[in-house]
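Here is a short briefing on one protein model. It covers the core, a strand residue and a surface patch.

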Amino acid sequence: MIDEFFKFSTPIPPNLSHPDAYSDLFRSCLKVQSIERGKISCLLTVKLPILNIYGGMHGGAVASVAELVSHACARTVVGKDKEIFLGELSTSYLSAAPNKANVIVDGSVVRSGRNLTVVAVEFKTEESGKLVYTSRATIYHLPTARL
């Protein structure tokens, strides 16, 4: 029974079987609308590959988009000489974004210091402005090497 669960009925397409396919999948659904220091706004189109079995946006897809937007937002305030990584991500799933919905994803830096940056991400439907998901990410900065 477990073996059958992990068998795919159709083969995975070659464009989704390379190491960076994860990023390509979510970036294909995102379109950047504006970038400012400490803020980023994107339009997310909910498509079939990121839906769950109930027809809403999959929770893992929400978290992945939140991570992408958080990193991009943090990069607007953190120097390019510093390496950054996600330390914590918390997400509240308030409602479901249905198939073919346009969702406005707004990321903003809440706090940024020498060692970390906190970013808040809100997902609102374009049609009604309803808040469907909210996320908060803590991004840590690696110190630059001193040689």
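The largest nonpolar core of this predicted model has 30 residues. Those with the most contacts inside this core are Leu44, Val46, Met57, Val65, Val103, Val105 and Phe123. In soluble globular proteins, nonpolar side chains tend to be buried together.

**Core make-up**
- Five elements each supply at least two residues of the core: strand S2 (39–45), helix H3 (59–75), strand S4 (102–112), strand S5 (116–125) and strand S6.
- Helix H3 gives the largest share, 8 residues.

**Methionine 57**
- Met57 is among the core residues with the most contacts inside the core.
- Leaving out residues up to four places away in sequence, Met57 touches Leu44, Val46, Ile50, Leu51, Asn52, Val62, Val65, Ala97 and Tyr133.
- Leu44, Val46 and Val65, included in that contact list, are also among the core residues with the most contacts.

**Threonine 138**
- Thr138 sits in strand S6.
- Thr138 counts as buried because its relative accessibility is 13%, and the cut-off for buried is under 20%.
- With residues up to four places away in sequence set aside, Thr138 contacts Phe85, Leu86, Gly87, Glu88, Leu116, Thr117 and Val118.

**Surface patch**
- Phe85, Tyr140 and Leu142 make a nonpolar surface patch of about 240 Å².
- Phe85, a member of this patch, is also one of the residues that Thr138 touches.
- Leu142 lies in the segment after strand S6 (131–141).
- Leu142 has a relative accessible area of 34%, so this residue is partly exposed.

Terms used:
Residues numbered from 1 in each chain as written. Predicted model: local features only at pLDDT ≥ 70, side-chain atom pairs only at ≥ 80, totals over all residues. Heavy atoms only, no water. Patch = residues over 30% accessible without salt bridge, like charges linked within 9 Å, V, L, I, M, F, W, Y side chains within 5 Å. Areas by Shrake-Rupley, 256 points an atom, 1.4 Å probe, with all protein chains shown as cover. Salt bridge = Lys/Arg side-chain N within 4 Å of Asp/Glu carboxyl O. Helix = DSSP H or I, 4+ residues; strand = E, 2+ residues; numbered from the N terminus. Buried < 20%, exposed > 50% of the residue type's maximum accessible area, 1.4 Å probe, protein only. Contact = heavy atoms within 4.5 Å. Core = buried A, V, L, I, M, F, W, Y, C linked by side-chain atoms within 4.5 Å.
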